[in-house]
Amino acid sequence: YALDEGGLFRESLSEICSELKSHVLPLLLQSKNQQNGTGIDQDMYVLNPGATSEVQLKMIDFLGALFGMSIRSGILLDLNISRFVWKQIAGDEVTKEDLRFIDDLYVKDLDNVLAKS
């Protein structure tokens, strides 16, 4: 028995976010910038592009519901989702600069290849 004045709910959300960012669930991945310690936004996460099973797609639906609940309640989630992902969710055009926020080394390699062509 506990009186919840938002504390237990917030703690539950914090635990959910911790699991989402862990290796326990194959839903969110560290950005390449985070993995390599390069570029900007090194604390960002991206959706796992390999998350295609029925269970994983249901997890993505749940994540969307979690985002909606966060927006409606005003409770911020401790999930640093890259603007690269947010722009795709919003249907905005993703640019090379957006890609730089998650994989700076790839963009540098791409720039080198394009410069040699």
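The legends below describe close-up views of a predicted model. Residues are numbered from 1 along each chain as its sequence is written, and side-chain values use heavy atoms, with hydrogens and water left out. Because the model is predicted, local features need pLDDT of at least 70 and side-chain atom pairs count only at pLDDT 80 or more, while totals for chains, interfaces and linings use all residues.

View 1. The largest pocket holds about 270 Å³ of space. A pocket is an open set of points on a 1 Å grid over the protein atoms alone, where a 1.4 Å probe fits, with protein on both sides within 12 Å along at least five of seven lines; lining residues have an atom within 4 Å of a point. A volume is the space filled by probe spheres set on the points, which are joined across faces, edges and corners. Among the 15 lining residues, Val46, Leu47, Pro49, Phe84 and Ile102 are the closest to the centre of this pocket. At least two lining residues come from each of strand E1 (28-30), helix H2 (32-36), strand E2 (45-47) and helix H4 (83-90); helices (H or I, at least four residues) and strands (E, at least two) are DSSP runs numbered from the N terminus. H4 gives the largest share, four residues. The lining comprises nine nonpolar, four polar and two charged residues; Ala, Val, Leu, Ile, Met, Phe, Trp, Tyr, Cys and Pro count as nonpolar, Asp, Glu, Lys and Arg as charged, and the others, Gly among them, as polar.

**View 2. The second largest pocket.** This pocket has a volume of about 170 Å³. Its lining is formed by Phe67, Ser70, Ile71, Leu76, Leu77, Leu79, Ile81 and Trp86. Helix H3 (residues 54-73) supplies the largest share, three residues. By class, seven lining residues are nonpolar, one is polar and none is charged.

**View 3. The aromatic pair Phe67 and Trp86.** The structure holds one aromatic pair. Phe67 and Trp86 form this tilted pair, at 4.9 Å centre to centre and 45° between the planes. Rings of Phe, Tyr and Trp (its six-membered ring) pair if their centres lie within 6.5 Å; planes under 30 degrees apart count as stacked, over 60 as edge-to-face and the rest as tilted. Phe67 lies in helix H3 and Trp86 in helix H4, so the pair ties together parts 19 residues apart in sequence. Phe67 is buried at 15% relative accessibility, whereas Trp86 is partly exposed at 37%; buried means under 20% relative accessible area, exposed over 50% and partly exposed in between (1.4 Å probe, protein chains only).
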